[in-house]
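Work through the exercises below with the model open. Try each task before reading its solution.

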Amino acid sequence: MALSVDIKKNLGDFDLNIKFRADQEVLALLGASGCGKSMTLKCIAGIETPDCGVIKLDDHVLFDSERKINLPPQKRKVGYLFQNYALFPNMTVVENIAFVVQGTKQEKRKVVTEKVKMFCLEGLEHLYPLQLSGGQQQRVAFARILASETKLLMLDEPFSALDSYLKWQVEQELTSLLENYNRATLFVSHNRDEVYRICDRIAVMSNGNIDTIRTKHDLFESPETLAGTILTGCKNISTAKKINDHIVFAEEWGLQLQVDRPVPDNVQYVGFRAHFFSFTKHEKNEFEAEIVKVVEDTFSFIVMIRPKGLDVTPLRWELEKAQWQSLDKTKLFLSIPEDKIILMKK
């Protein structure tokens, strides 16, 4: 099952301008709050209408502004899991699932029984949503989506209402489900870690546009854009100026850095992840560090540093507690490995 989306919609503050294709995979829409992720899903589901464009699911046209095609949600075969699961509060578990099933009473009963077993809902069949935990509600919502014979699954921040312990349990259940789904899935989130664990490819969204679409490994290794670098969790970002083909000046850190690859002429930013600093002496990009602030986190220390004697923006350095406590902090030399530097064009 392949989804093809090419749409535009004015959202007031900015224009949604989205073009992508999703095949038999889990594709993440990763972006900050308000960038248009949920609106994209709503347009695909038929809840919102684009100003123009085309949406196709295989050869099935869901929306085409020129041909005046705009199928209602119930005819799109799209399963959309909202952040609050959208279960009917006055219906039991089995009634919620049966609501979307087509066919005779016997056929409906068979499908409901299969989905109850598939999602380990035995014993909960006659309970109402308010009597269920967050994880149980989510399993019912998934069961209802799959019972409708959906050809596309869309998940909008599915863990946002769960506490951290339950979130991990439900994520494992979701991962197992998606491994056997074998159809296109869109996963909306602003959490880089859950996106990395669950998805195959990642579409980085910013102000209504898709910045880039990459495999998760490529994106985290070399984000290339400012939005991608920020969303993949890089905490150290500076404006940059090219010095020569292999040297860039990080203006906000006051550091001239050698890079292991050609520096593009249009480089605008340079980034470096907080846990990649090296202690090896006499390496390239070495500097004496001045400690500005030390913050103790749960299992690590976050140390804000800057090149000694320079009144510049501090860099963030993260390391394990035992490693920090064993360091001689009287004269601290660090280096930034050439191959760990992120170059950004925009």
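The model is predicted.

**Exercise 1. Describe the overall build of the protein.**

Solution. 
- Start with secondary structure: nine helices and 20 strands.
- Next, take the extent. The C-alpha trace spans about 80 × 50 × 30 Å along its principal axes.
- Then turn to burial: 47% of the 346 residues count as buried.
- Check the contacts. Among those between residues at least 6 apart in sequence, 61% join residues at least 24 apart.

**Exercise 2. Is strand β8 buried or exposed, and what about each of its faces?**

Solution. 
- The strand covers residues 152-156, and five of its five residues are buried.
- Buried here means under 20% relative accessible area.
- In a regular strand, side chains alternate between the two faces of the sheet.
- Now sort the residues of β8. Leu152, Met154 and Asp156 lie on one side. Leu153 and Leu155 lie on the other.
- Both faces are covered.

**Exercise 3. Which strands pair with β8, and how do they run?**

Solution. 
- Take β7, residues 78-81. Four bridges join β7 to β8, and the two run parallel.
- Find a partner in this pair: tyrosine 80 bridges to methionine 154.
- Take β9, residues 185-189. Four bridges link β8 to β9, again in parallel.

How values were computed. Residues numbered from 1 in each chain as written. Predicted model: local features only at pLDDT ≥ 70, side-chain atom pairs only at ≥ 80, totals over all residues. Heavy atoms only, no water. Buried < 20%, exposed > 50% of the residue type's maximum accessible area, 1.4 Å probe, protein only. Pairing = 2+ DSSP bridges. Contact = heavy atoms within 4.5 Å.
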